[in-house]
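Here is a short briefing for a reader new to this structure.

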Amino acid sequence: MTRNDVARLAGTSPAVVSYVINNGPRPVSESARQRVLDAIKQLGYRPNAVARSLRSRRSWTIGVIASDSAGGKSPFFGQFTRACEEVAWQRGYSVLFGNSAEDPARAEGYVRGFLERQVDGLVLMRVPVSPDQAEEMRGRVPVVTIDHAAPPFFSRLAVDDEEGGYQATRHLLEHGHRRIGFVGGPLDITPVQLRAAGWRRALQEAGVEPPAELVAEGELSLEGGYDAALRLLSPPDRPTALFASIDGQAIGAMRAAADLGLRVPGDVAVVGFDGAREAAYTVPGLSTISQPIDEMAQHATETLVRAIESEGVEPVTKIFSAHLVTRGSCGCPEPRLHR
């Protein structure tokens with residue numbers, strides 16, 4: 001099956017078929033594009049990927065490295081990487097995924113390996129890179145970082161973490177709570193630090209000095225939230241509410257409360273952060289600061305593709321807003337789950 005066969009069935013020239021397959025260099029009308037795509041599907045035509053790469057000087061591959069790409073520790077990562085892959089596929093790119101497991105050496109190895117495989121660009125999700133490695137990537141491939149500080153020659157996307165932490169804590173204060181614990185960590189991670197800063201600011205505005213004993217550091221996972229919440233909720237002077245730095249920790253904290261014989265929200269209210277889909281399915285439903293995860297993933301992938309396909313594109317920085325979604329875990333009425 002050849003390109004000429006596709007052109008014949010679609011009623012176009014082989015050049016038009018080439019423009020559709022390679023997304024250029026010349027524009028194609030939507031009707032002609034659709035005829036070509038229908039002919040490709042009908043004939044089962046598969047372009048030669050190697051020849052395509054040689055002509056375009058691209059691998060048509062994007063590397064995505066996350067500190068937990070499978071979403072086993074935080075649902076945020078799994079949802080984000082799925083959305084990245086969907087947008088990349090629509091734009092004609094394949095995706096290589098790497099899980100750094102919060103190990104800097106492993107992250108560095110993935111970056112080096114993906115560069116050796118000549119990926120066209122990189123998305124780094126909460127993955128720090130050394131200054132030397134950042135310089136190595138500079139001018140070689142475009143890079144978009146998610147939720148992490150970045151050099152000015154990388155594009156950077158993040159959510160307003162401090163404002164989200166502030167919203168969550170202020171909402172718990174409005175429910176009458178004053179002893180509000182913070183489940184977060186590791187505390188050297190920038191988003192966690194900012195969410196803790198929002199928690200602290202809301203308490204101080206309410207005239208409550210945040211006591212050090214109400215901060216429990218834990219791994220960014222279900223298990224980390226469970227262990228940290230056990231430490232906070234076991235003493236007699238336990239907090240009456242918890243704000244967790246990710247939804248996974250919040251879900252773990254709810255299980256810890258249940259194991260201690262405490263009711264959520266009757267004995268302890270809980271609010272998380274991320275807006276993961278799983279938050280709607282806990283009992284009670286988990287109130288959370290919701291990030292626009294799909295929108296962020298789409299913007300990250302589109303930003304990267306634009307930088308790959310157009311020379312001279314300047315790096316961008318975009319901070320997304322987050323908003324509070326109330327469910328039963330904080331004491332608000334439990335909404336019905338709509339599907």
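Which element supplies the largest share of the lining of the second largest pocket? Helix α12 does, with 3 residues. This is a predicted model; local features need pLDDT of at least 70, side-chain atom pairs count only at pLDDT 80 or more, and totals for chains, interfaces and linings use all residues. Residues are numbered from 1 along each chain as its sequence is written, and side-chain values use heavy atoms, with hydrogens and water left out.

**Confidence**

- The protein chain has a mean pLDDT of 88 (pLDDT is the predictor's confidence in each residue, from 0 to 100).
- Of its residues, 93% reach 70 or more.
- Among the elements of the chain, strand β8 (residues 241–244) has the highest mean pLDDT, 98.
- Helix α4 (residues 49–56) has the lowest, 50.
- Helices (H or I, at least four residues) and strands (E, at least two) are DSSP runs, numbered from the N terminus.

**The second largest pocket**

- Its volume is about 390 Å³.
- A pocket is an open set of points on a 1 Å grid over the protein atoms alone, where a 1.4 Å probe fits, with protein on both sides within 12 Å along at least five of seven lines.
- The volume is the space filled by probe spheres set on the points, which are joined across faces, edges and corners.
- β4 (143–146) and α12 (293–309) each supply at least two lining residues.
- By type, the lining divides into 12 nonpolar, 3 polar and 3 charged residues.
- Ala, Val, Leu, Ile, Met, Phe, Trp, Tyr, Cys and Pro count as nonpolar, Asp, Glu, Lys and Arg as charged, and the others, Gly among them, as polar.

**His148**

- His148 sits in the loop between β4 and β5 (155–159).
- His148 is buried, at 17% relative accessible area.
- Buried means under 20% relative accessible area, exposed over 50%, and partly exposed in between (1.4 Å probe, protein chains only).
- Leaving aside neighbours within four places in sequence, His148 is in contact (heavy atoms within 4.5 Å) with Arg126, Val127, Pro128 and Arg156.

**Salt bridges**

- The whole structure holds 17 salt bridges (a side-chain nitrogen of Lys or Arg within 4 Å of a carboxyl oxygen of Asp or Glu).
- Glu302 and Arg91 form one of them, at 2.5 Å from N to O.
- This pair links distant parts of the chain: Glu302 is in helix α12 and Arg91 is in the loop between α5 (75–90) and β2 (94–99), 211 residues apart.
- Both count as partly exposed, Glu302 at 23% relative accessibility and Arg91 at 28%.
- Arg195 and Asp274 form a salt bridge with their closest N and O atoms 3.9 Å apart.
- Arg195 lies in helix α9 (residues 190–205) and Asp274 in strand β9 (residues 269–274), so this pair ties together parts 79 residues apart in sequence.
- Arg195 is buried at 1% relative accessible area, and Asp274 is buried at 0%.
- Arg255 and Asp259 meet in a salt bridge at 2.9 Å, N to O.
- About one helical turn separates Arg255 and Asp259, because they are 4 residues apart in helix α11 (residues 247–259).
- Arg255 is exposed at 54% relative accessible area, while Asp259 is partly exposed at 41%.
- Glu162, Glu163, Arg201 and Glu205 are linked in a salt-bridge network.

Terms used:
On a 1 Å grid over the protein atoms alone, a cavity is a set of points where a 1.4 Å probe fits but cannot get out, and a pocket is an open set with protein on both sides within 12 Å along at least five of seven lines; lining residues have an atom within 4 Å of a point.
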